[in-house]
Amino acid sequence: MKEDFILLTGRSNPKLAREIAKLLKKEVHEPISIFSDGEIRVRIPANMRNTHVFIIQPTAPLVNDSIMELLFMIDAAKRSSASNISAIIPYFGYSRQDRKEMPRVPISSSVIANMISNSGATQILTVDIHSQQQQGFVHIPWDNLYGSYALIPEIKSQKIDNLIVASPDKGGLIQATGYAKLLGAQGVALVFKERDVELNNKSEVLDMIGDVKGKNVLIVDDILDTGGTIMNAAIFLKSQGAKSVRLALTHGLFSGNALDKIKDSAVDKIFITDSINQKPEVLKNKKIRIVSISQLLAKAIERILSGESMSKDLIL
Amino acid sequence: MKIFSGSSNKPLSEKIAKHLGLKLSTIELHVFPDGERRIKLNDTVVDENTVVIQPTATPVDQNYIELFFIIDALRRSGARSVCVVVPYLGYQRQDHIFRDGESVSLQVMIKLLESMHIDKIIAVDLHSIKIPEFFHIPLVHLSALSIFSDTIKSLFSGFVNDSVLVSPDMGGLRRISEASELLSGLPWISTVKDRDLDTGKIVINKIEGDPSKIKKRAFIIDDMISSGGTTIQSAELLRRNGVEEIYVFVTHAIFSEDAPAQLQKSIINKVFVTDSVFIPKEKHFEKLEILSIAQMVSEKL
């Protein structure tokens with residue numbers, strides 16, 4: 001019998017895909033294998049004719065391979081006459097290269113978005129894309145959901161009093177005010193820096209707006225990479241009198257020596273989603289609490305299939 | 001004209017630029033701790049004809065994405081034209097659907113290159129004769145066969161009567177007959193390769209062609225060596241049929257797994273390859289000889 005929809009996933013986060021599949025009472029196909037020279041091979045055994053295909057593949061490290069796996073799964077689905085191909089990309093790699101911040105550089109995120117669209121995806125779905133303007137890179141529907149759907153209930157359950165929500169940079173202020181509202185926080189603080197635009201991650205001289213003296217602070221941001229920016233903000237907030245500092249982040253890359261920085265830092269707790277598949281050291285870390293977005297994505301898939309509004313109750 | 005090189009084969013790019021009497025324009029490449037790459041062109045390109053050289057061999061995905069970023073930067077920075085030199089085009093063995101439910105990965109890559117509005121593409125020894133048909137933009141398809149035939153003529157002149165050209169599999173018949181033409185009709189045969197699509201294992205134990213053509217010396221010609229299995233099995237079959245000296249001429253030295261070690265300890269006398277793909281020092285071996293395609297490419301720029 002023909003399936004009503006089909007789930008596929010690559011190698012970047014099969015665990016999340018399997019959890020989504022479980023919620024949808026479906027099987028998820030894992031069609032990727034690798035040739036000896038490193039070339040990716042896709043073969044999807046299911047009949048996809050006239051079927052809506054959902055490909056769950058965050059383009060997380062190894063980022064370039066994850067992107068190619070996604071493209072080839074899209075191509076295979078298209079050639080097998082799938083009716084719709086939704087690329088579910090909880091974490092969108094290269095999304096921080098979203099503008100021409102100096103001369104003679106590419107807009108890498110635009111290149112990737114166009115690759116996905118040109119390969120035949122009919123829809124893109126992301127979670128907390130680094131900047132929402134990126135939805136305009138392509139001419140197919142691009143829904144963006146928020147990790148707060150999963151993170152807010154978890155943070156609420158901690159019953160943190162005297163709460164101030166802080167953004168570690170200017171770009172995160174909108175997200176911070178959103179969290180403050182949803183958590184009923186006493187206010188918002190903004191830590192800001194002058195980031196240089198050289199080809200690296202170097203920062204920063206810090207300053208802030210707001211009052212955190214004697215407060216419990218929750219720093220919110222979209223991505224934790226090496227943790228440099230966020231840890232510096234945490235140290236700075238402590239120096240400004242914050243009683244405790246917690247973090248809420250959607251995407252945890254934990255690159256470089258991020259885990260060492262976290263261990264040595266004054267941060268009490270880190271709330272993060274499972275948009276990116278985590279290595280055992282992260283899963284074991286007692287400071288890190290991982291909250292699943294599988295339910296959010298399973299509901300989103302149901303709504304895409306049923307034609308219900310995405311924004312109702314799903315976008316907090 | 002300004003020439004840029006991706007990071008996959010800088011030595012070849014430098015040679016090509018030198019043939020043209022030009023200096024490579026440099027690209028700053030930064031790799032972030034999470035593996036994302038960021039590039040910046042260090043030269044202005046407004047109204048310039050530009051060339052970017054980047055074979056997309058292993059690591060194939062990284063090399064393709066870096067190439068796409070370079071093209072995007074050239075386009076956004078006002079280049080008049082962009083010519084892409086991809087001496088080895090990655091994913092070219094996935095040029096059709098072998099079994100239901102597969103992707104045609106090569107076509108995805110070509111479509112993406114074309115969607116980036118490049119003006120011309122230069123490739124060398126594409127895997128099948130159908131591949132050029134995939135392109136909707138001007139493709140210059142070069143072949144290393146002339147380099148190989150010149151090498152054979154200069155190294156083995158006077159001995160060609162004792163020699164036969166060999167294609168290791170039936171897919172290379174066109175290539176081997178072209179090589180024969182370049183060598184004044186030197187006879188050729190083919191060994192026959194069977195591949196099990198499930199296990200990927202190959203077996204070569206049959207020769208196609210007139211057995212009387214088998215001579216003392218064989219020149220195996222092919223487009224690429226990956227694990228080396230095909231080439232070595234073909235050579236062993238030739239030896240069992242009485243061939244004494246075996247020389248291999250292959251354009252693309254992919255050298256996956258332990259190919260260099262296997263080739264070195266094989267019965268093959270010498271392995272000639274080109275510099276279409278960068279071969280790191282640790283993959284060099286005594287029997288290996290690298291011929292350059294730089295001049296041939298530079299003549300098309």
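Domain bounds here come from an automatic or database domain assignment. By that assignment, chain A has domain 1 (5-145 + 295-306) and domain 2 (148-292). Their C-alpha centres lie 27 Å apart.

The model is predicted: local features need pLDDT of at least 70, side-chain atom pairs count only at pLDDT 80 or more, and totals for chains, interfaces and linings use all residues. Residues are numbered from 1 along each chain as its sequence is written, while chains are lettered from A and ligands numbered from 1 in the order in which they are written.

**Domains**

Chain B is also divided, into domain 1 (2-142) and domain 2 (145-292). The table sets out the domain pairs. Two residues are in contact if their C-beta atoms, placed from the backbone, lie within 7 Å.

| Chain | C-alpha centres of domains 1 and 2 | Contact residues of domain 1 | Contact residues of domain 2 |
|---|---|---|---|
| Chain A | 27 Å apart | 18 residues | 13 residues |
| Chain B | 28 Å apart | 16 residues | 11 residues |

In chain A, 18 residues of domain 1 are in contact with 13 residues of domain 2. On the domain 1 side, helix H1 (14-23) and helix H9 (294-306) of chain A each give two or more residues. H1(A) provides the largest share, 3 residues. Helices (H or I, at least four residues) and strands (E, at least two) are DSSP runs, numbered from the N terminus. By class, this side of domain 1 of chain A has 10 nonpolar, 4 polar and 4 charged residues. Ala, Val, Leu, Ile, Met, Phe, Trp, Tyr, Cys and Pro count as nonpolar, Asp, Glu, Lys and Arg as charged, and the others, Gly among them, as polar.

In chain B, 16 residues of domain 1 are in contact with 11 residues of domain 2. Helix H1 (residues 10-19) of chain B gives the most to the domain 1 side, with 3 residues. That side divides into 9 nonpolar, 4 polar and 3 charged residues.

**Between the chains**

Across the chain interface, 41 residues of chain B are in contact with 45 residues of chain A. Strands E2 (27-31) and E3 (37-41) and helices H2 (60-76) and H3 (105-115) of chain B each supply at least two residues of the chain B side. H2(B) gives the most, with 9 residues. By class, the chain B side has 16 nonpolar, 13 polar and 12 charged residues.

**A sheet in chain A**

An open sheet of 7 strands runs in the order E11-E10-E9-E12-E13-E14-E15 (chain A), with mixed pairing. Two strands pair if DSSP finds at least two bridges between them. Strand E11 (206-209) and strand E15 (288-291) of chain A each have a single partner strand, so one side of each is left without a neighbour in the sheet. The twist averages 25 degrees from one strand to the next.

Strands E12 (residues 216-224) and E13 (residues 244-252) of chain A run parallel, joined by 8 bridges. Asp221(A) has Leu249(A) in E13(A) as its bridge partner.

Two helices lie across strands of chain A. Helix H5 (residues 173-183) lies across strand E9 (163-167), strand E10 (187-193), E12 and E13, at about 165 degrees to E9(A). Axes are lines fitted to C-alpha atoms, for helices over the stretch in contact, and angles run from 0 to 180 degrees between N-to-C directions.
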